[in-house]
Amino acid sequence: MSVVGHIGTAVGPHETPPPPPRKGRRLLPYLLLLPGGLWLTIFFAVPAVQLAATSLYDPSGSLQQGYAMTWEFGNYADALSAYWPHFLRSLLYAGIATLLCLLLGYPLAYAIAQKANRFKNLMLVCVIAPFFTSFLVRTLAWKTILSDNGWLVGVLRDIGILGSDGRLLATSAAVVLGLTYNFLPFMVLPLYASLDRLDGRLLEAANDLYASPARAFAKVTLPLSMPGVVAGTLLTFIPAAGDYINAELLGTPNQYMIGNVIDSAFLVRLDYPQAAALSFLLMAIILAMVFVYVKRSGTDEVL
Amino acid sequence: MKLGRWLSDHWVMGVGVLVLAYLFLPIAVVVGLSFNEPSSRLSYDFNKFTLDNWTNPCGPGDMCDAVVRSVQIGFIATVAATVLGTLMAFALVRHRFRGRAATNLLIFLPMATPEVVMGSSLLALFVAGGVPLGFWTVVIAHVMFCVSFVVVTVKARLSGFDSRLEEAAMDLYADEFHTFRKVTLPLVFPGIVAAALLAFSLSFDDFIITNFNSGTTVTFPMYVWGAAQRGIPPQVNVIGTAMFLIALLLVLGTSVRRRRAA
Amino acid sequence: MSKGDLRLVNLTKRFGVFTAVDDISLTIPQGGFFALLGASGCGKTTTLRMVAGLEEPTSGKVLLGGKDISRLRPYKRPVNTVFQSYALFPHLDVFENVAFGLRRRGIGDIRSQVERMLALVQLEGFGKRRPAQLSGGQQQRVALARALINHPQVLLLDEPLGALDLKLRRQMQIELKRIQTEVGLTFVHVTHDQEEAMTMADTVAVMNAGRIEQLGAPAEIYEFPSTPFVANFLGQSNLLAGEVAGRSGDEVLISAYGSRFSVPAGRCRVVDGNVYLGVRPEKLHLAPNTDSVPSGHQWVTGVISDSSYVGVSTQYLVRTPWGTEVSAFSSNAGVHAQVPRGAHVVAYWRPDHAFLLSRQAGAGDATQPLLETVP
Ligand SMILES: Nc1ncnc2c1ncn2[C@@H]1O[C@H](COP(=O)(O)OP(=O)(O)O)[C@@H](O)[C@H]1O
Ligand SMILES: [Mg+2]
């Protein structure tokens with residue numbers, strides 16, 4: 001097994017119950033958890049709670065004068081009424097991108113896991129390697145590919161798919177394409193992990209029993225790869241919904257997602273209570289969706 | 001008939017290769033542009049072939065400093081996150097204890113939280129605590145979001161671990177320490193390496209969280225972002241290509257070595 | 001009791017409310033080949049694991065040479081195990097697998113010892129291979145060498161031959177026995193294969209649901225089982241349900257289905273109440289009518305309901321007048337002609353070949369039903 005293979009199995013939810021503890025070792029798990037747990041508590045949980053508090057501050061304060069805690073639930077109403085189109089757009093773009101990732105990623109993961117044989121490792125490396133050319137550099141490359149005087153637009157104009165002044169860059173399609181592209185590996189790896197575990201003989205047996213490959217797929221492959229599908233969609237949807245780079249580089253303000261709004265509220269407008277309210281809303285919406293989705297799909301182990 | 005059969009056997013692979021091509025399209029552009037002499041600062045079109053960018057990769061002012069800084073941050077964050085995450089994974093897979101569900105949640109939540117939210121809330125913490133932003137705040141942030149991925153990766157390797165091997169070691173006079181040292185660690189090591197690799201790539205590539213917590217410190221993604229407003233120097237593509245090649249060699253190298261060893 | 005005896009004293013293991021090993025007490029003499037025989041799930045592995053120190057007893061003790069080792073960590077016990085699935089270290093080659101115990105104990109001269117051990121298990125030249133590059137039989141021998149090289153006082157073998165095909169299994173049985181005689185260690189061999197237990201061991205313990213049902217030399221257990229379970233787990237038995245009707249001198253009288261039978265008192269596990277009268281199928285002979293039954297024998301009548309020819313012998317099922325079936329093996333030595341199905345026959349036996357076991361009230365005949373080939 002290669003190193004890559006292990007990254008592949010990373011997200012596969014698969015846990016055997018731990019053996020019962022031996023006497024005198026009851027403290028050990030807590031010692032092992034302590035450093036990482038503290039780190040996550042201090043630098044993730046505490047800020048999240050503080051974020052929730054900030055979101056309820058009086059918005060008329062400022063960083064210099066300080067903020068007063070006034071339990072300003074109005075911040076949420078204001079944030080929603082001003083930016084609901086951005087929320088909707090984020091969820092929509094991320095949803096479409098996730099679906100596209102699933103449609104593209106499933107055949108690729110299946111091909112690697114079940115068909116690639118000795119090219120398996122090479123293909124896995126090909127999925128992971130793009131990570132290393134920076135995210136931004138790749139997105140800028142898409143900007144080149146999609147640019148108005150690039151070959152792609154030229155070809156599409158020539159064959160009439162785009163009008164003579166039709167564009168790819170600065171459209172919603174470009175943003176969704178960028179999101180799909182950037183998060184595709186996060187879909188492929190967990191899918192690969194669950195498809196790789198699939199026993200080839202199981203498929204043969206299914207082909208034998210169900211005769212049609214389509215039915216065998218629906219009855220055996222798909223159900224058995226559900227943990228991978230769930231993990232993959234989560235790992236794709238979550239970062240995509242919060243992303244703002246793709247909208248910034250490949251879109252226009254008309255394509256801005258909630259990430260762009262939060263970013264500018266924090267770093268440009270310096271409106272902390274509103275930025276916090278927006279952040280917390282986004283987190284709450286995503287977590288709510290995640291929990292519903294995970295419960296629905298019956299793969300709680302991912303948590 | 002024959003063609004139909006061939007198609008039905010190979011269409012999945014065909015689609016898979018097409019998807020890989022999609023993954024590689026922008027990388028091809030990056031590689032191409034690394035040999036480009038742009039006509040103007042803001043032009044991203046291929047103009048003229050040149051090797052100048054490769055012979056002079058550190059041409060544009062602070063770019064190489066940013067790359068070095070990114071590697072340093074990536075290295076420190078990887079080591080720390082790998083150690084912390086591996087310990088947690090061992091606790092979760094090997095021990096039964098109270099608070100397991102809460103721990104799992106604490107590990108899962110960072111993966112389920114958008115980067116803007118993590119970046120901004122951490123910024124608020126640093127500001128409130130009067131911590132000056134810079135190199136170390138970036139490291140802290142990177143360790144935070146890498147730990148969860150390390151835990152998940154190592155956990156996957158550990159839960160497939162045959163605990164009878166450890167029992168066999170103990171049966172053969174290895175005490176707890178030597179059992180860990182001679183049997184557990186060597187067998188879990190590939191999972192730890194994979195986790196470290198993942199952590200490094202996540203750290204090296206991160207822009208959003210870094211952007212919130214870096215102050216005036218410039219990492220490579222931050223440099224690219226800044227340059228994107230003014231016009232990207234073609235050397236950025238050299239770095240992109242080089243990193244890609246290094247990663248490819250590294251991963252292929254380890255997998256070939258492992259195969260040899262196996 | 002000699003110095004190196006292994007003794008289990010009231011050994012019990014519970015997993016939650018489930019009792020896997022239930023109050024086992026036994027002594028295994030030093031240098032013996034002891035087989036623990038029982039169906040899958042009866043607690044054999046758990047018993048071994050408690051001896052090895054991999055499982056803590058819920059109660060009871062493990063004594064080795066009079067010393068209580070129940071609470072010692074596994075690496076402190078002079079006991080080694082050949083695991084059910086071998087558990088070879090996949091990241092180490094054969095040499096390092098075998099050398100593992102020596103290295104941990106800091107013993108010198110590893111190379112020559114390992115090489116001698118590999119020769120003993122006939123794996124010379126395999127030192128550089130990884131476990132994954134070995135066949136099942138070879139892996140099994142590495143596991144054996146890895147344990148034996150430490151000269152433990154007791155070697156525990158947990159179904160080491162379970163994964164092998166029949167031929168290799170027979171070969172390894174002989175080899176194991178040879179090695180045991182050669183090195184003179186105490187072997188505790190767990191198996192669910194009754195033939196394996198009988199051919200290899202000096203002493204067999206038959207386990208059922210966490211308890212030892214019977215312990216003794218193989219022939220002793222086979223000839224005079226102590227419970228219906230043992231009678232049918234080790235080989236097969238015809239068990240006729242009856243009640244003790246009295247006693248006549250040295251004979252216990254039994255009435256069953258309106259007939260009278262007798263069994264010598266020395267072959268009775270019980271002498272009153274509900275009983276099973278047991279006869280092994282090979283001890284049942286067939287005659288065409290009661291007149292041809294030799295004197296001194298006892299018999300039941302019946303009709304041949306099924307027969308199967310298995311080469312060395314023919315197995316017959318005889319349906320008795322009360323509706324149950326008994327089975328009889330008849331050797332194909334050429335003395336008897338084949339008896340056709342539907343023929344009326346008399347099945348007879350010598351009373352001193354029969355045995356008497358306790359029976360729960362209400363339990364009916366317990367003959368192993370069909371004509372299975374004996375494994
Ligand atoms: N760690 C455990 N937890 C719960 N039950 C166990 C455990 N180990 C064994 N058992 C149960 O104890 C019984 C005996 O198991 P085992 O000793 O492995 O049987 P055998 O080796 O005779 O097949 C089985 O029913 C098994 O399910
Ligand atoms: Mg067992």
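**Chains B and C, and some ring pairs**

Chain B and chain C bury about 2,100 Å² between them, and 62% of that is on carbon and sulfur atoms; buried area is the accessible area (1.4 Å probe) that two parts lose on being put together, summed over both. Asp171(B), Leu172(B) and Tyr173(B) supply 38% of the area that chain B buries here, more than any other three residues.

A word on the source. This is a predicted model, where local features need pLDDT of at least 70 and side-chain atom pairs count only at pLDDT 80 or more, while totals for chains, interfaces and linings use all residues. Residues are numbered from 1 along each chain as its sequence is written, chains are lettered from A in the order in which they are written, and side-chain values use heavy atoms, without hydrogens and water.

Back to the interface. The rule finds two salt bridges across it, a salt bridge being a side-chain nitrogen of Lys or Arg within 4 Å of a carboxyl oxygen of Asp or Glu. Arg73(C) forms a salt bridge with Glu176(B), with the closest N and O atoms 2.6 Å apart.

Now the rings. Over all chains there are 24 aromatic pairs (Phe, Tyr or six-membered Trp rings with centres within 6.5 Å; planes under 30 degrees apart are stacked, over 60 edge-to-face, the rest tilted). Trp142(A) and Tyr22(B) make a tilted pair, 5.7 Å centre to centre with 50° between the planes. Both Trp142(A) and Tyr22(B) are buried, meaning under 20% relative accessible area, with exposed over 50% and partly exposed in between (1.4 Å probe, protein chains only).
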